[in-house]
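Dear colleague,

Please find the structure below, followed by a summary of what was found in it.

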Amino acid sequence: MERRDQGSGHHRAELGASMTQHQAGEAAVCLPPLARVSRPRHALPPHATDCHCHVYDDPARYPLVEHRSYTPAPATLAQYIAMCDQVGLGRTVQVSASVYGADNRLTLDVIAALGQHRARGVAGLRPDVGPQEIEDLHRGGMRGVRVSTHVKGYGGTQAISHFARVIRPLGWHVQVHVNNVDELAELEEELMRVPVPLVFDHLGCAQGTQGPDSRGFQALLRLMQRREDCWTKISSWYRRSSDAVNYSDMAPLVHALVETRPDRLVFGSNWPHPALFAPAQVPDDGHLIDKFCVWVQDEALRNRILVDNPAALYGFPQAEQA
C-alpha cells in the first residue's frame, strides 16, 4: 500500500513520526506490532481490503481519552503501510480506536494521506453529534459509527437506535462490538428493527469454545439471513481461540458464516492487535492471511470477501473501475 498524500481541510499531521510513550497507570501499555511480518504463501488479489485496523500516533497531537481500556504502543501509518505491502493488502478501513473516543482527527488524517480510493473509516461519535459534523466526517471518508460493550471510549449497544437515526441520512452503518456473542441473542429483536445497515465485529465476538451452535452465534446467523444489510468481519479470531497455534476451534464459525452469507463477509487484520499484553504474543499478519486463505479456499469466494464485498459496503470503486 503506497502512501499518497491528498489535500485536506483537516489539521494534518506527520503521520510517519513515532508516537512517544504515554504514561497512564490505570491503562496498561499494549505490546507493539511486529517489526516485520512474514510474506504469506497465498497471493492476495489486487485491491484486497483490510476492513478492520487502527493507527496510533503521537498523543501530544492526538490525545488519548482518560478513561480507556488500554494505552497503545506506537503503531504509525508508515508501519501499517509496510505490513500491507508485505502481505498484499491494497485498501484499508481504519476504525477510529476507542482510546480516542469521539476525536476522529487521526483517522481522517490517515484517510486523507492515503486517498479515498484506497481508504475509508469508521468513527466514534458523541451522543449529541450534529448533522453538520456527520456530513464533515462523511466528506472525510467515514462510513460508519462503532459502538462497544467490550472497550471504553465509545457508546455502548444502548446507543444503537439513537445513532441509527443520526446517521441514516448519509447511509452509514452501525458497527457492533460486543464483549461476547451471546449479547446478540438478547439484542436480536432490536437489531432486526434498526433502520441502517449493521456490521458485526470479529465473527460476532464468539469464543471458539462456544461453537457455531451457541445461542448468540445462531442469533448472528439469523440476522444475516433475515436482513439484506447485515455484515460480519472475519477478524481477530486469534483472541477468541483456545488453540493458540492453529485456531482450529474458530474454523467452524468461519465455515458457518461462509455457508450462510458469503456475500456479506469482509476480512480484517485487526493490526496492530491492540490490547495484547505480556506474556501474550502479537500474531504474525502473514500467518493470519494464510489461515484465512486455508479456511476460504475457493479463489472466487476469497476474492469476493477481500475485494467485492468491501467495495459494496464501504463505497470503494469496483475492481474493474479501480
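Why does Ser242 count as exposed? Ser242 counts as exposed because its relative accessibility is 57%, where exposed means over 50%, buried under 20% and partly exposed in between (1.4 Å probe, protein chains only).

This is a predicted model, in which local features need pLDDT of at least 70 and side-chain atom pairs count only at pLDDT 80 or more, while totals for chains, interfaces and linings use all residues. Residues are numbered from 1 along each chain as its sequence is written, and side-chain values use heavy atoms, with hydrogens and water left out.

Not counting residues up to four places away in sequence, Ser242 touches Thr209 and Asp249 (contact: heavy atoms within 4.5 Å). Ser242 and Ala27 are 215 residues apart in sequence and lie 25 Å from each other, C-alpha to C-alpha.

The largest nonpolar core comprises 88 residues, with Leu125 and Trp237 having the most contacts inside it. Such a core is a set of buried Ala, Val, Leu, Ile, Met, Phe, Trp, Tyr and Cys residues joined through side-chain atoms within 4.5 Å. Beyond its neighbours within four places in sequence, Trp237 is in contact with residues including Leu203, Tyr247, Phe267 and Trp295. Another core, of 13 residues, lies apart from the largest one, and Val93, Val122, Tyr154 and Trp231 are among its members. In soluble globular proteins, nonpolar side chains tend to be buried together.

Yours sincerely
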